[in-house]
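I set out to record, entry by entry, what I looked up in this structure. The entries follow the order in which I worked.

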Amino acid sequence: MAIQPASHEVAERVERRWAMVVLIIVTVLVAMVVYTGLHWAMMPPSRVETVRPETLHISGEFVESNLGSAVEPDGSVTVRIVAQQYSFTPQCLVVPAGVPVTFRATSSDVIHGFLITDTNINSMLEPGYVSTFKTTFNAPGDHTMPCHEYCGTGHQNMWAHVKVIDRAEFMQMADQLPANSRRLSCVH
Ligand code: CUA
């Protein structure tokens, strides 16, 4: 009866091999999470920030006059956006190249998608929650910002533009803002 120990050995060898495969897969996945976290600033959602969708337009950070790009005291830029069926406000964003940019966005009605082409920004905008992303655009250029989450019959027409311009040009535009307006956008 040489068959019993042989099949037992085979089973052990196969199990050990599969355990190694699983170990390698887990190691690769953990390495990917660490790498993207450190190098692309892609973080798993670690914080939840809520906002009341029914009063967005009345008070707080997402009132219409506060939407668009704002230069912070530390020189970074914050962009605030509201998504609604079927557009983004503002419809055209302007941001500087080579400067850390924080996007803060939410939805006033249903779930929308938020994606900026050629960047690490790709998420959802949910009513009641604020989505925050940080990125730095390396070079001037135009990006599109389509809603990529089905949100109703007008979904396919819902998209905006992101214009990345030279840092000096952006700061000059920011300096020339009238006293009653603190936000930049390329909507005319
Ligand atoms: Cu908004 Cu699809």
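**Entry: disulfide.** I looked up the sulfur atoms of cysteine 92 and cysteine 186 and found them 2.0 Å apart, as a disulfide. I used the rule that a disulfide is a pair of cysteine sulfur atoms within 2.5 Å. The structure holds one disulfide. The angle about the S-S bond is -85°, and the link of cysteine 92 and cysteine 186 is left-handed. Cysteine 92 lies in strand β4 (residues 92–96) and cysteine 186 in the segment after α2 (167–175), so the pair ties together parts 94 residues apart in sequence. For these elements I noted that helices (H or I, at least four residues) and strands (E, at least two) are DSSP runs, numbered from the N terminus.

**Entry: basis of the values.** I noted that this is a predicted model, in which local features need pLDDT of at least 70 and side-chain atom pairs count only at pLDDT 80 or more, while totals for chains, interfaces and linings use all residues. Residues are numbered from 1 along each chain as its sequence is written, and side-chain values use heavy atoms, with hydrogens and water left out.

**Entry: burial of cysteines.** Are cysteine 92 and cysteine 186 buried or exposed? Both are buried. The cut-offs are under 20% relative accessible area for buried, over 50% for exposed, and partly exposed in between (1.4 Å probe, protein chains only). I also looked up cysteine 147, which is buried at 5% relative accessibility, and cysteine 151, which is buried at 6%.

**Entry: aromatic pairs.** I applied the rule that rings of Phe, Tyr and Trp (its six-membered ring) pair if their centres lie within 6.5 Å; planes under 30 degrees apart count as stacked, over 60 as edge-to-face and the rest as tilted. By this rule I recorded three aromatic pairs. Phenylalanine 103 and phenylalanine 114 make an edge-to-face pair, with 6.0 Å from centre to centre and 65° between the planes. Phenylalanine 103 is in strand β5 (residues 100–107) and phenylalanine 114 in strand β6 (residues 112–115), so this pair ties together parts eleven residues apart in sequence. Both phenylalanine 103 and phenylalanine 114 are buried. The rings of phenylalanine 103 and phenylalanine 137 have centres 6.3 Å apart and planes at 80°, so that pair is also edge-to-face. Phenylalanine 137 sits in the loop between β8 (131–136) and β9 (141–146), 34 residues apart from phenylalanine 103. Phe103, Phe114, Phe133 and Phe137 form one aromatic cluster.

**Entry: salt bridges.** I took a salt bridge to be a side-chain nitrogen of Lys or Arg within 4 Å of a carboxyl oxygen of Asp or Glu. How many salt bridges does this rule give? The count comes to six. One of them joins arginine 104 to glutamate 61, with the closest N and O atoms 2.7 Å apart. Arginine 104 lies in strand β5 and glutamate 61 in the loop between α1 and β1 (68–71), so the pair ties together parts 43 residues apart in sequence. Arginine 104 is buried at 12% relative accessibility, whereas glutamate 61 is partly exposed at 25%. Lysine 163 forms a salt bridge with aspartate 142, the closest N and O atoms being 3.8 Å apart. Lysine 163 is in strand β10 (residues 159–165) and aspartate 142 in strand β9, 21 residues apart. Salt bridges that share partners join Glu49, Glu61, Arg80 and Arg104 into one network.
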